[in-house]
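Dear colleague,

Please keep it open beside the text as you read.

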Amino acid sequence: MSPITRHELKEHWNTFVAAACEEAFYQIYEYYHHYLSYVGTKRGFAIDIIQDAINDVFLHLWENRAKSSSIHNLHNYIITIFLRKLFRDDAKKYEMIPTIATLLENCEVPSVEDGFIQRYTEDEVGRFVKEKVDELGEKQRLLIYQKFYLGLSYQEIAAANGISINTVYNTIYKSVDKLRNLLTAEQETFLKIAIGALSTFFLFFLQNQ
Amino acid sequence: MEELNLKALLADESFINYCKGYPAQDVAKWENWLQDHAQYRKEVEEQKRIVQTLAYHAAVTTVEDHYLRLKEQIAKKNKKTDTRFRISPWLKIAASLLLIGSLSYLMLRQSFLSEPDNNKQSVVIPGEDKALLTLADGSTISLDEVAVGTLALEGGVRVEKTKSGQLIYSVSESESSNRNASNTITTPKGGQYRLTLPDGSKAWLNASSTLHYPLHFEHNERRVKMTGEIYFEIAKREKRQHGRVERIPFYVETAHQEIQVLGTHFNVNSYPDEPGIVTTLLEGSVRVTSSLNGESILLRPGQQSFLDKHLVVSTADVEQQVAWTAGDFVFKSEPLTSILRKVSRWYDVDIVCPPHLGKLKFDGIVSRSQPLTAIMDMVEITGKAKLKLIERRIIVTD
C-alpha cells in the first residue's frame, strides 16, 4: 500500500479506461479513499456520510466505466461527484459550499502524498500486528486510521465521529498501549527485527521523495 | 531516569506528526528534543514505530473493508456480476515485489544517509494558462482543454473563450429568470487565467486562486468573492438615481477583508499561507475594510494595505507586487520562505526548508516562463543555501 503519485494515478486510470481492470480501479479507490476522507473530515462532515459518498463516487465510476474515456480530468471529476454526493444532490446546499477550489486548496493531504510508509507484510511481526489490528473493532481501527494515517487532529476526528475528544484519545491510547505491551511481552525479538526493517524502508522512502 | 509519559506523548499532535514525518517543523522539533533528551531516544523510537505500524495496518484494513462494501453495492445493483470482480492477490504480490525491489536497492546503497543523486533532478516546467470553470448548474469546464468559442449560454449571458485563451462574458439579455446564478473560476497550482466579467471589469487570476461572481450584477452594487491572488481592472459603471448620476461600487470579498472599488486597477494577494492580505493600488481609489475588527482605510495610488490582525498602510513597491502580471518574479530583499511559497504555487512543487534558512533574503528577477531551475540557480549562486529537487519537492539545506 504505497501512497501512489499523481503520475501513477494517471497510469492506473488509463489502464482502467482501456480494460476496466479492477486492480487499477482499486488503486484509484485507495488513493481517493485517503484523500476524500481527509478533505471531507477537514470540512467538518460526519465520517459515515463521507464514506458513503466515497463509495457512491466509485459506484458511479464503475457503472459508467464504458464511458470513462470521455473524462479528461479525473481529479476534478471525482471531486465534483464527491461534493454532489456529500450534499445529497441538494443543489441549494451545494451552492453554499464556498467553492470547489477553496476546498481543494486549503486541504493538503500530507500522509497520502508525502507520507511515511512501511512495507513489511509477510514476516512474523507483520502478521502479528495485523492480527492484533484485525482484532480491534472497526470503529477503533477507523480512529487509528484517521489519527495516525491521515493525521487529522483529535478535535476534527471527534467532530466527524460525533464523540468527545477524550473518547478518541482514550481509544487510541488503549490500542497503542495494548499493542506495545503485547509486543514487549512476547515479541521482543521479532520487534527488533521489525524495527530494523521498518526504519530501513522509512529512510528509503524519505530519501526518494 | 524519569519514565517517559506515553499518554502525554500521544496527546501531543506534533509528536504524531513527527512519527508521520510531516510537517517538517514538527519533525525538527522532536529531533531537537531528542538531542537534549538522548536518554528517551530508544523509547521514543519504539513509540514511533508502533504508531507507524498501527497506521499502516489500520489504513490497509479500513480501505479494504470499505472496498468490500462497495463491491456488495455493485453486486446488488448488477445481479449478473462478473465473477472475476473480487480483490485479487495482485496487491500482495505487488507489495512483495516492491519489498524485494526496495531491499535490492538498499543493498546497492552503502548508506541511507548519503547524498541523493543529482541525476534524479527532472525538469519542472513553469505554469501556464489553465483553469476550471464551474457553471451555475454545477457542471465544470476545463478551460485549457476546451476549444475556442461559446462555452455556455446561461440566463441570458454568453460565456466565450477567445483565441488568446481568455474568458469573456457578455450580457445578451438584460432581464433573466435566474438572476442569482453565479460562476466560479479556479486556477490550480501552476495555472493562471484572464477573464472579462459581465460588467466589463477584468480579472487576472494567479496560480491557486478562485473568483466567484454573479452572471448578473445587482443594479446598485457589484460583488465578487475571491481567494489567492487576483489583479483587477474594474470598469466604471454608473446609475441614475433621483436625477443624479452615481457610480456603482464594486466589492471584492476575501476571507477577512472587503474592498470597495469605484473604477480602478489593483492587486489583491490573499493566499492563506501568506502572513496577511496585501492589497496594492495602481490607479483610482479603493476602500479596504477588515471584517475582523471593522478597521477601514482609503488607499491612494502607489499605496498598499497589509491585513494580518490590523490593517496597516504603507508605500507599495508596485512593480514587485504586480510583476506576475508582466510574467516575472521580482524579488527585492525577500525572505526565502516567501520566494519559495510563490515558487511552490507556480511550479506546483512542495518545499522543505529549515526556518533559519527561510529567513535569508534574496534579490532577483526571473521570468515566470523559465523552468524551475532558473530560480533555484538564482538562490544557489549566492552560496548561502543549497537547493535540491527530488521528485516534485525542493529541499533546502546549508
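**A hairpin in chain B**

In the hairpin formed by β4(B) and β5(B), 2 residues lie between the strands, and Gly155(B) has a positive phi near 50°. Please bear in mind that this is a predicted model. As background, the strands of a sheet pair through backbone hydrogen bonds, and they may do so either parallel or antiparallel.

**A sheet of three strands**

Elsewhere in chain B, 3 strands form an open sheet in the order β23-β26-β25, and their pairing is mixed. Each of β23 (350-352) and β25 (386-390) of chain B has a single partner strand, so these two stand at the edges and one side of each is left without a neighbour in the sheet. Neighbouring strands in this sheet are turned against each other by 20° on average, when direction is ignored. For β23(B), the partner is strand β26 (residues 393-397) of chain B, and the two pair in the parallel sense over 3 bridges; here Asp350(B) stands opposite Arg393(B) in β26(B).

**Chain B as a whole**

Chain B contains 9 helices and 26 strands, and of its 398 residues 47% are buried. Among the contacts in chain B with a separation of 6 or more, 50% are between residues 24 or more positions apart.

**Where a helix of chain A meets a helix of chain B**

Two packed helices are described by the angle between their axes and the distance between the axes. Helix α2 (residues 22-42) of chain A packs with helix α4 (residues 41-77) of chain B at an angle of about 120°, and their axes are 11 Å apart. That angle makes α2(A) oblique to α4(B), and α2(A) passes α4(B) in a right-handed crossing. Which residues of α2(A) meet α4(B)? From α2(A) they are Glu22(A), Phe25(A), Tyr26(A), Tyr29(A), Glu30(A), His33(A) and His34(A), and the residues they meet in α4(B) include Ala59(B), Val63(B), Tyr67(B) and Leu70(B). Sorted by class, the contact of α2(A) with α4(B) has 7 nonpolar, 4 polar and 4 charged residues.

Note on methods
Residues are numbered from 1 along each chain as its sequence is written. Chains are lettered from A and ligands numbered from 1 in the order in which they are written. This is a predicted model: local features need pLDDT of at least 70, side-chain atom pairs count only at pLDDT 80 or more; totals for chains, interfaces and linings use all residues. Side-chain values use heavy atoms; hydrogens and water are left out. Axes are lines fitted to C-alpha atoms, for helices over the stretch in contact, and angles run from 0 to 180 degrees between N-to-C directions. Helices (H or I, at least four residues) and strands (E, at least two) are DSSP runs, numbered from the N terminus. Angles under 35 degrees count as roughly parallel, over 145 as roughly antiparallel, 65 to 115 as roughly perpendicular and the rest as oblique. A crossing is left-handed if the near helix is turned anticlockwise from the far one by less than a right angle, and right-handed if clockwise. Contact means heavy atoms within 4.5 Å. Ala, Val, Leu, Ile, Met, Phe, Trp, Tyr, Cys and Pro count as nonpolar, Asp, Glu, Lys and Arg as charged, and the others, Gly among them, as polar. Two strands pair if DSSP finds at least two bridges between them. Buried means under 20% relative accessible area, exposed over 50%, partly exposed in between (1.4 Å probe, protein chains only).
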